[in-house]
Amino acid sequence: MIDRRVRIGLQLQPQHMDYATIRRTAAEAEEAGVDVLFNWDHFFPLSGEPDGLHFECWTMLAAWAESTSRVEIGALVSCNSYRNPELLADMARTVDHISEGRLILGIGSGWFERDYTEYGYEFGTAGGRLDDLATALPRIESRWEKLNPPPTRDIPVLIGGGGEKKTLRLTAKHADIWHSFSDPETLERKLGILGQHCADLGRDPSEIEISVMGKTENRDRMYELGARLFTVHTGGPTPDLTELREFLAWRDKLNA
């Protein structure tokens, strides 16, 4: 069994604010002690004014790789559909080097139809997008082995989603971190399913870090179930780190 300490992430949603505000908030979060700084991979806001201010995921991660010095960085999550797998592997390797080994490759199958239709990607079906992800993950891993220079480390792969037949099996096979959007009751059941997939593949489920969204009302129960990465979120126009600081204090108490 792997004994994991609690980590706290911040998803800084790149919507409804200028980049100067994003950069300043990222710096404040790192100074406050956050462990992981996430953005997301969308082309339009997901809340508020649908055509409001918004910025792209991976170019931002490259900028964060230069402007931060300690935190791990990544997308929660990158959409598999938007980039050729070999290209994504190369982008991840490059950001890994820029950050001196602080990148997490968060990846999922995609769901926001407007991103697809306005940027010219085929939306298809949920099952088809998951099949594409299953094809892409080995290609990403293979490309990392061929790149010169190679990644600075085995880049951690985070898979987001809760599909029991496909997503959790992909998690058991490829992921270092599983991010669940579940409530505690659903998480408990899906951990059992993930464990069975791991058993089928001959993998120790404790190798996979359990990641959830940070909610004060259920965090203790999530911790009891094995979650160790808790991510809170904020966005524009005025990002607020109050909840983040409270979660950091909770982390420090547990990890003492």
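Residues are numbered from 1 along each chain as its sequence is written, and side-chain values use heavy atoms, with hydrogens and water left out. Because the model is predicted, local features need pLDDT of at least 70 and side-chain atom pairs count only at pLDDT 80 or more, while totals for chains, interfaces and linings use all residues.

Salt bridges come first. A search of the whole structure turns up 17 of them, a salt bridge being a side-chain nitrogen of Lys or Arg within 4 Å of a carboxyl oxygen of Asp or Glu. One of them joins Arg83 to Asp41, with 2.8 Å from N to O. Arg83 sits in the loop between β4 (78-79) and α3 (85-98), and Asp41 in the loop between β2 (36-39) and α2 (57-67), so this pair ties together parts that are 42 residues apart in sequence. (Helices, H or I with at least four residues, and strands, E with at least two, are DSSP runs numbered from the N terminus.) Arg83 is buried at 11% relative accessibility, and Asp41 is buried too, at 1%. Here, buried means under 20% relative accessible area, exposed means over 50%, and partly exposed is in between, using a 1.4 Å probe and protein chains only.

Another salt bridge pairs Arg221 with Glu188, whose closest N and O atoms are 3.3 Å apart. Arg221 belongs to helix α8 (residues 219-225) and Glu188 to helix α7 (residues 184-201), so the bridge ties together parts that are 33 residues apart in sequence. Arg221 is partly exposed at 34% relative accessibility, as is Glu188 at 44%.

Arg203 and Glu207 also form a salt bridge, with 2.9 Å between the closest N and O atoms. Arg203 counts as buried at 17%, whereas Glu207 is partly exposed at 37%. Elsewhere, salt bridges with shared partners join Arg7, Glu72, Arg153 and Glu209 into one network. The C-alpha atoms of Arg153 and His97 are separated by 9.3 Å, although the two residues are 56 apart along the chain.

Aromatic rings come next. The whole structure holds 11 aromatic pairs; rings of Phe, Tyr and Trp (its six-membered ring) pair if their centres lie within 6.5 Å, with planes under 30 degrees apart counted as stacked, over 60 as edge-to-face and the rest as tilted. Trp111 and Phe112 make a tilted pair, at 5.3 Å centre to centre and 50° between the planes. Trp111 is exposed at 53% relative accessibility, while Phe112 is buried at 18%. Ring pairs also link Phe43, Phe44, Tyr82, Tyr116, Tyr119, Tyr121 and Phe123 into a cluster.

As for the cysteines, the structure has 0 disulfides, a disulfide being a pair of cysteine sulfur atoms within 2.5 Å. For Cys57, the nearest cysteine sulfur belongs to Cys79 and is 10 Å away. Cys57 is buried at 1% relative accessibility, and Cys198 is buried at 0%.

On a 1 Å grid over the protein atoms alone, a cavity is a set of points where a 1.4 Å probe fits but cannot get out, and a pocket is an open set with protein on both sides within 12 Å along at least five of seven lines; lining residues have an atom within 4 Å of a point. Grid points are joined across faces, edges and corners, and a volume is the space filled by probe spheres set on the points.

(Ala, Val, Leu, Ile, Met, Phe, Trp, Tyr, Cys and Pro count as nonpolar, Asp, Glu, Lys and Arg as charged, and the others, Gly among them, as polar.)

The largest pocket has a volume of about 510 Å³. Of its 26 lining residues, His42, Leu76, Val77, Trp111 and Phe181 lie nearest its centre. Both β4 and α5 (126-146) supply at least two residues of this lining, and α5 gives the largest share, with 4 residues. By class, the pocket lining has 13 nonpolar, 11 polar and 2 charged residues.
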